Number of protein chains: 2
Amino acid sequence: MANISDILDGKMDGKEVEIKGWLVNKRSSGGVQFLMIRDGTGVIQSTVHKDKVEKNVFDDTDKLTQESSLIIKGIANEDKRAPDGYEIKIKDLKVVQLAEEFPIGKKEHGIEFLMEWRHLWLRSPRQIAIMKIRAEVIKACRDFMDDNGFTLTDSPILSGSACEGTSTLFETPYFSKKAYLTQSGQLYVEATIAALKKVYCFGPTFRAEKSKTTRHLTEFWMIEPEVAFADFEDNLKLQEDLVSYIVKKVLEKRKRELGVLGRDIKPLQEVEPPFPRVTYTEVIEMLEKTKFKLEWGNDLGAPHERFVSLKNDKPTFITKYPTKIKAFYMQPDPKNPDVALCADLMAPEGYGEIIGGSQRIHDLKLLEQRIKECELPKKAYEWYLDLRKYGTVPHSGFGMGVERVVLWICKLKHIRECIPFPRTITRLYP
Amino acid sequence: MANISDILDGKMDGKEVEIKGWLVNKRSSGGVQFLMIRDGTGVIQSTVHKDKVEKNVFDDTDKLTQESSLIIKGIANEDKRAPDGYEIKIKDLKVVQLAEEFPIGKKEHGIEFLMEWRHLWLRSPRQIAIMKIRAEVIKACRDFMDDNGFTLTDSPILSGSACEGTSTLFETPYFSKKAYLTQSGQLYVEATIAALKKVYCFGPTFRAEKSKTTRHLTEFWMIEPEVAFADFEDNLKLQEDLVSYIVKKVLEKRKRELGVLGRDIKPLQEVEPPFPRVTYTEVIEMLEKTKFKLEWGNDLGAPHERFVSLKNDKPTFITKYPTKIKAFYMQPDPKNPDVALCADLMAPEGYGEIIGGSQRIHDLKLLEQRIKECELPKKAYEWYLDLRKYGTVPHSGFGMGVERVVLWICKLKHIRECIPFPRTITRLYP
């Protein structure tokens, strides 16, 4: 069995090939049928000439419906007239299954229709391209980590305490107890730095948020590196290197897929360290003259993020948010404890936040004080506080949402296309 | 900042180094203090000579408690007397934090005690070795897949229908609906084969089983490849290649860690394709003369699996189980529909099942019939049945539990040590 990708790469020229795949579409002209065939590695034009095949082969071809599964034998050849420069001249064709009328046709479908048929919609060239890019982004993340001395230590999905309140948590009965689905694996990777220094977790995370936006999923994948003895600066450097590496790898290996999406790759080619920075306070000042004006101390929303995101060709760090609007574990700036040693990374082209990170509080007393100020249940943090009793060290980390990175790199409009089977407030099927 | 691993690899000989890490333990002899220091990349002996350092450095060293965090400067040197052949002669030492008395000492602790302190227990040499091997197993899985033309298509964790009954499912309110935590991503990867031919998902899966054994976790990671146009034989071949690759990579890169665990690597070196096979029916016959005697048609349990597992030095396939005790989607053998084209892979040395897989039913009518026979709710499988209407093809796949592979490769007694934060019926903390 040959792969269509090998033929398109020019490796099978003049050779007899057998391809197992699906019919994407078909047209006929005179005594020739033109079939576009997909095998999961690519799509290729294949021709059936009435006067060159057995009658039953031509008749079978004539009956073929969209997405029918088939096995063809023929000769692969370069052919400048074919859409991708190569073609198979079919000698024999066997129908594996004549497909029922495919619900997704060439006409425009509404998004709810497509989501309902997601299990079939995934076969479209556009969705295939996105899935390949998503896989490449994930591979790049893991390769970067593994090549840079990080050890994967997966955080648990189920946890017994609702650390930051139950309002956005999914909850499940757990034998005689209650368990919650993780919103972040960070606290757990903080535990493994003392064993392995540079660690990361990478798994699905869950937010039961009622927000219905183009950038939120209830279930999404997040990579969360954490590094012992790393400060705020080290943390930003690591983010720049990781994001640049991902973009470089996608450009290197998924140019064809970016082309399918019509993605202008110029802006992506700009992405290399260092990334520009702006403080939260500077952002507030810049917003002063706009209609998105905001008082210092309020959290930035989507329009503010978008404003910053459009300022630069590269991703931009917004640093040092007010301590009181950020998570309790973020290290206040020793020079100005009203702001935290944190940063959110804004993807360019209007995409907004893809990473949130910070230096963590390593001092036990300060951490206890922050837990109290934030009115969090100290009991739930017992083991986390232990980490500050037994050889605490300064450390930093961040969380990067995979689907948001895919959204930006593919330049899509909605995050629901960035994961094979999206979960949103209204979508739990298929 | 240097890494201890670089010193132990002989790269820093005679050089001045700065190490940031933790005190593993300490002893003193005459005017010399011997510190074992861990930095997350390794452990090295470091010495403080009373007559060669400032008085305060020696005094600080004297006060150091187990797991205190510290920064040392000194000269790295080969030293045959040191436990790992290298040593640091400390010139300067800064205490980052004097740790409180560490709860885990040198004496034996009960397992419940250690599990309660899992966040600290992870710092022990044995747990570090296991975590590094787990990370290597996962990297090997992903590299193997990516290098062999597979595309990662993550299956969702949350799903709206309880396909195989709710008794072993975790359930969560999902806005106005109910959702269930996945037990397997298989049905979803079956949907992506038509788009990408060779695919896999790799994520956490959940079983709310009440079984309290040494081989069960309620939350564990599973890799599930699925291949279009692959039959029963192709499926076994893929499993042999994957498992052999994983073992080879761990032997190549984690020999030191296997040594820490005292793992005899000889049996691991035997692991290469092909793996021996035995049919379910043959197993029943072999059991006839043992105390584990079983009637044909009953499922194999742990003792039967162990019996087969001990037969060979390599992993062993048990093939063709009775159709009626296996999942509804498994293809019955056309030559004898009473058995399925399935196989479970038994790790050797008594470890039992690490993989379960099969050719899948691709015929719509047969699949509908099996759903009916198994008294499953057809409505829940609507989208899954669609896959058989629109270009169905023969296909096969399997699921491999990561922690069970780690259990076997590390030759451990209990699976709870094979994941950073294990979840069992009685364990949801930390």
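Predicted model: local features only at pLDDT ≥ 70, side-chain atom pairs only at ≥ 80, totals over all residues.
In strand 9 of chain B, B:Leu181 is the bridge partner of B:Leu158. Strand 7 of chain B and strand 9 (residues 177–181) of chain B run antiparallel and are joined by two bridges.

Stepping back, these strands belong to an open sheet of three strands in chain B, with the order 7-9-8 and antiparallel pairing. Strand 7 (158–159) and strand 8 (171–174) of chain B are the edge strands, each pairing on one side only.

## Where chain B meets chain A

Let us turn to the interface. Here 99 residues of chain B are in contact with 99 residues of chain A. The size of an interface is often given as the accessible area lost when the parts come together. For chain B and chain A, about 7800 Å² is buried between them, with 64% of it on carbon and sulfur atoms. On the chain B side, the residues that lose the most area to chain A are B:Phe175, B:Tyr390 and B:Leu428, which together account for 10% of what that side buries.

Polar and charged partners are here too. Between chain B and chain A there are 40 residue pairs in polar contact, counting pairs with both residues at pLDDT 80 or more, and the salt bridge count is six. Which side chain of chain A meets B:Arg134 in a salt bridge? The partner is A:Asp154, at 2.7 Å from N to O. Helix 5 (residues 125–147) of chain B supplies the largest share of the side that touches chain A, with 10 residues. Sorted by class, that side of chain B has 51 nonpolar, 27 charged and 21 polar residues.

## Domains and strands in chain A

Chain A is assigned two stretches: domain 1 covers 4–97 and domain 2 covers 118–418. The C-alpha centres of these two domains of chain A are 46 Å apart.

With strand 4 (residues 69–78) of chain A, strand 1 pairs in the antiparallel sense over seven bridges, and A:Glu18 stands opposite A:Lys73 in strand 4. Strand 1 of chain A is also joined by seven bridges to strand 2 (residues 32–38) of chain A, again running antiparallel; there, A:Trp22 has A:Arg38 as its bridge partner in strand 2.

What lies between strand 1 and strand 2 of chain A? The two strands form a hairpin with two residues between them, and A:Gly30 in the turn has a positive phi of about 60°.

Key: Residues numbered from 1 in each chain as written. Chains lettered and ligands numbered in written order. Heavy atoms only, no water. Domains from an automatic or database assignment. Pairing = 2+ DSSP bridges. Helix = DSSP H or I, 4+ residues; strand = E, 2+ residues; numbered from the N terminus. Contact = heavy atoms within 4.5 Å. Buried area = accessible area lost by both parts, 1.4 Å probe. Salt bridge = Lys/Arg side-chain N within 4 Å of Asp/Glu carboxyl O. Polar contact = N/O pair within 3.5 Å; in protein donor to acceptor, adjacent residues only side chain to side chain. Nonpolar A, V, L, I, M, F, W, Y, C, P; charged D, E, K, R; others polar.
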